[in-house]
Structures are given as C-alpha cells and as structure tokens.
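I opened this notebook to keep track of what I looked up, one entry at a time. The whole chain comes before single residues.

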Amino acid sequence: MPIAVTGVKGQLGGELCRQLGDRAVGLDLPEFDLLDYDRVRKTIRELRPELLIHAAAYTAVDKAEDEPEKCFAINATATGVLVDLARELDCPFLYVSTDYVFGGEPERSEPFREEDVPSPQGVYARSKYEGELKTLVWEKHYIVRTCGLYGQLGPHSAGNFVETMIRLANEGRPLRVVDDQFCTPSYVVHVARAIIFLIQTDMYGTFHIVNDGATTWYRFAREIFRQLKMDVDITPISTEEYGAKAPRPRFSVLDTSKYNRFFGAPPLPHWKEALAEFLARRAEFLGH
Ligand SMILES: NC(=O)c1ccc[n+]([C@@H]2O[C@H](COP(=O)([O-])OP(=O)(O)OC[C@H]3O[C@@H](n4cnc5c(N)ncnc54)[C@H](OP(=O)(O)O)[C@@H]3O)[C@@H](O)[C@H]2O)c1
C-alpha cells in the first residue's frame, strides 16, 4: 500500500515524494481537487493508503483575506474530509501546519512549544488552525508545524523567499525587507527528512519541525547575499512599512526539542548551515 501525499506540486509535498520514491503516490490539482470532496473520497478509497500525508493547502496568505470561504474550504473543511477517510481506512494521518498559529504574542521571546496555546491571526492562520482541530479527532494523527519553507528546485521554485530575493537583486532593485518578525526559515529537504523519520515512529501527536536558531527576514536576506558573495543594497523595514494585507506573527520561533529527543532523529541543522546546503545544491542544479 502506498503513502499518499497531497500537494505533490508544492514545495514540501514534492520533496516528500522525491525522498519517499516508489513508496509515495503524489496528489495535486487538477486531477485531485480538495474542493471536490466526492472525488477526493473516491480517490483515497481506491488508493487505500497505508498513511496519508496532507501537505496541500491554500497558501496565498494575503489573498486569503479576500477569499476566506475558499481558504477555509481547502485548509479546514477538506482536511476534515481527509481525516474522516483516514479513520474509515484506519490509516495514520499527517497534517502539515504552520508557525502562523502562534500569531498573537508579539512580545514573546521564548520559542513556542507544542503545548502552547495557539493564537492565529488572519484568515490563512485561522484556517490552518481549524485544520489542526479537525485532525485531532483521529487518534492516529501527526500534526507537524513548520515555518518559512524554501528549497524547491525546478519549475515551481520561483515563489519562495530565497528565489524572490535573488531574482529582485539580479534585477538591480534596492531591497526593503522586514526586520521585526522573528522565526526560522526552514529548508524543505530537512523538514521532509524529519517528517519521514517521524512517520516511522508511530509516536502520534504534535511536533515542531524547523531548522535550528531564529532570525528575521532582513537578516535572512543578508545571509543569502553574504553566502552568494553578492553586493546588494538592502534596507531593514518594519512590518507596518511593508504593509502586507494579512497579519504576520512578530515572533513565531518554534521549539523543536520534542522532535530532537527522539533517538536517531536526523538533526535539523542551524538555518545558516541549511541555507548553505541549499545554495550549493541550487548552484549544482543550475550548472554554476
Ligand atoms: N511555505 C511555507 O513557508 C510554509 C510555512 C509553514 C507551513 N506551511 C504549510 O506547509 C504545507 C506545504 O507548504 P508548501 O510551501 O509546500 O505549499 P505550496 O508550495 O504552496 O504547495 C501547496 C500545494 O497545494 C496545492 N493546492 C492548493 N489548492 C488545492 C486544491 N484545491 N486541491 C489540491 N491541491 C491544492 C497547490 O496547488 P497550486 O499551486 O496550483 O495552488 C500546491 O501544489 C502547507 O500545508 C502549508 O500550509 C508552509
């Protein structure tokens, strides 16, 4: 029986399928539309997966403010449909969630642990938290909260922060990047590896999986250019100056000690080391 992975064309779903190889069946639009609940039921019942990893999501955080119904239908209601199927098939279910569930404690400076009380702000964050609540009803569940994913290579890579910074810098534009949101940008290869370790433990529950350390988007951007030896004009700005439509957590650093306590768990390197690993792989991929 295969491991079914939703969101195979996305960053994390794609990387999970790459690492799982023949064991995985990847699902995504247009054939697998989370809004077509009947078709979703039919597909999953036919597949009878041994495990269902739900990495697909409505991830357009700012756009979600304008289409909350669609965002909730995908991130919350469809997650509930998948959880019901997992129960029916007695199949463990892994839901990928987000640091955005901790958006309401701007003064905080201590990393969030799994048992801390979420305070999601904005449509996307609330829809993802609602997906968590739907997941909790099935005892064989994992909830993996991660943050700031980057590292996909190929046709779908353009949207992530690292690629955006490199593209804007290559266009010669002065960059203004937010310097008052603390979190941990995470390399999708490391996150996928940790998830694959986790699903072999059958230690169900909620886990925080991000690279080690913490930074701001401005400092992360500076580190990208430092490692690439690019001289870029970059200015730190505040969240208010940036003026995004949806609220972003000021502090959403996740404590990974629960995952790290597992004997034999592949380590989650420091975010600077993870970035270096990605940039080396990217250079090789681009033939530099
Ligand atoms: N990206 C981050 O920084 C981040 C941080 C924390 C948590 N997460 C969570 O991690 C998971 C993976 O994120 P990611 O960055 O890999 O996301 P992603 O690259 O945006 O991929 C999500 C995938 O889901 C698909 N999808 C969207 N609507 C769908 C629908 N109605 N039916 C079927 N598939 C649909 C998308 O297709 P289209 O592209 O065609 O819409 C895309 O292929 C998500 O659950 C996300 O909430 C992400």
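Before reading any burial value I wrote down the cut-offs: a residue is called buried when its relative accessible area is under 20%, exposed when it is over 50%, and partly exposed in between. I also noted that I am working with a predicted model.

**Entry 1: trying out the cut-off**

I began with Val178, which I found in strand S7, a strand made of residues 175-178. Its relative accessible area is 7%, and because buried means under 20%, Val178 counts as buried. I then listed what Val178 touches when residues up to four places away in sequence are not counted, and the list reads Thr216, Trp217, Tyr218, Ile237, Ser238, Thr239 and Tyr242. For a distance across the model I took Val178 and Val123, which are 55 residues apart along the chain and have C-alpha atoms separated by 21 Å.

**Entry 2: the chain as a whole**

I counted 10 helices and 10 strands in the protein chain. How does the radius of gyration of the protein chain compare with that of a compact globule of 288 residues? I found that such a globule would have a value near 19 Å, and the protein chain has 18 Å, which agrees. Along its principal axes, the C-alpha trace spans about 55 × 40 × 40 Å.

I noted next that buried residues make up 54% of the 288 residues. Of the contacts in the chain with a separation of 6 or more, 79% are between residues 24 or more positions apart. The chain exposes about 13,300 Å², and carbon and sulfur atoms supply 50% of that area. For charge, I recorded 34 positive and 42 negative side chains, with the centres of the two sets lying 2 Å apart.

I looked up Ser186 in strand S8, which covers residues 186-187, and its relative accessible area of 0% makes it buried. Which backbone atom does the side chain of Ser186 reach? I found that it reaches the backbone nitrogen of Asn211, at 3.0 Å. Leaving aside neighbours within four places in sequence, I found Ser186 in contact with several residues, including Thr146, Cys147, Gly148, Leu149 and Val210.

Thr146 lies in strand S5, residues 141-146, and at 5% relative accessibility it counts as buried. A polar atom of the Thr146 side chain lies 2.8 Å from the backbone oxygen of Ile209. Among the contacts of Thr146, with neighbours within four places left aside, I wrote down Val96, Ser97, Asp99, Ser186, Ile209 and Leu254.

**Entry 3: Trp217**

Trp217 was already on the list for Val178, and I found it in helix H7, residues 217-227. Is Trp217 buried or exposed? Its relative accessible area is 18%, and because the cut-off for buried is under 20%, Trp217 counts as buried. Not counting residues up to four places away, Trp217 touches Gly148, Phe161, Val177, Val178, Gln181, Cys183 and Pro185. I also checked Trp217 against Leu94, which is 123 residues away along the chain, and their C-alpha atoms are separated by 28 Å.

**Entry 4: Val189**

I found Val189 in helix H6, residues 188-199, and it is buried at a relative accessible area of 4%. Val189 and Arg18 are 171 residues apart in sequence, yet I read 9.6 Å between their C-alpha atoms. Arg18 is also one of the contacts of Val189, together with Glu15, Gln19 and Arg281, once neighbours within four places are left aside.

**Entry 5: backbone details in the loops**

I found a cis peptide bond joining Leu29 and Pro30, with omega about 0°, and I placed Pro30 in the loop between strand S2 (24-27) and helix H2 (37-47).

Arg48 has a phi near 45°, a positive value in a residue other than glycine. It sits in the loop between H2 and strand S3 (51-54), and at 47% relative accessibility it counts as partly exposed.

Asp90 also has a positive phi, of about 50°, although it is not a glycine. I found Asp90 in the loop between helix H3 (68-88) and strand S4 (93-98), where its relative accessible area of 45% makes it partly exposed.

Notes: Residues are numbered from 1 along each chain as its sequence is written. This is a predicted model: local features need pLDDT of at least 70, side-chain atom pairs count only at pLDDT 80 or more; totals for chains, interfaces and linings use all residues. Side-chain values use heavy atoms; hydrogens and water are left out. Helices (H or I, at least four residues) and strands (E, at least two) are DSSP runs, numbered from the N terminus. The radius of gyration is taken over C-alpha atoms; the globule rule is 2.2 Å times the number of residues to the power 0.38. Buried means under 20% relative accessible area, exposed over 50%, partly exposed in between (1.4 Å probe, protein chains only). Contact means heavy atoms within 4.5 Å. Accessible areas come from the Shrake-Rupley method with a 1.4 Å probe; for residues, only the protein chains shown count as cover. Lys and Arg count as positive and Asp and Glu as negative; His and the chain ends are not counted. The place of a charge is taken as NZ of Lys, CZ of Arg, CG of Asp or CD of Glu. A polar contact is a pair of N or O atoms within 3.5 Å; within protein, one must be able to donate a hydrogen and the other to accept it, and residues adjacent in sequence count only if both atoms are side-chain atoms.
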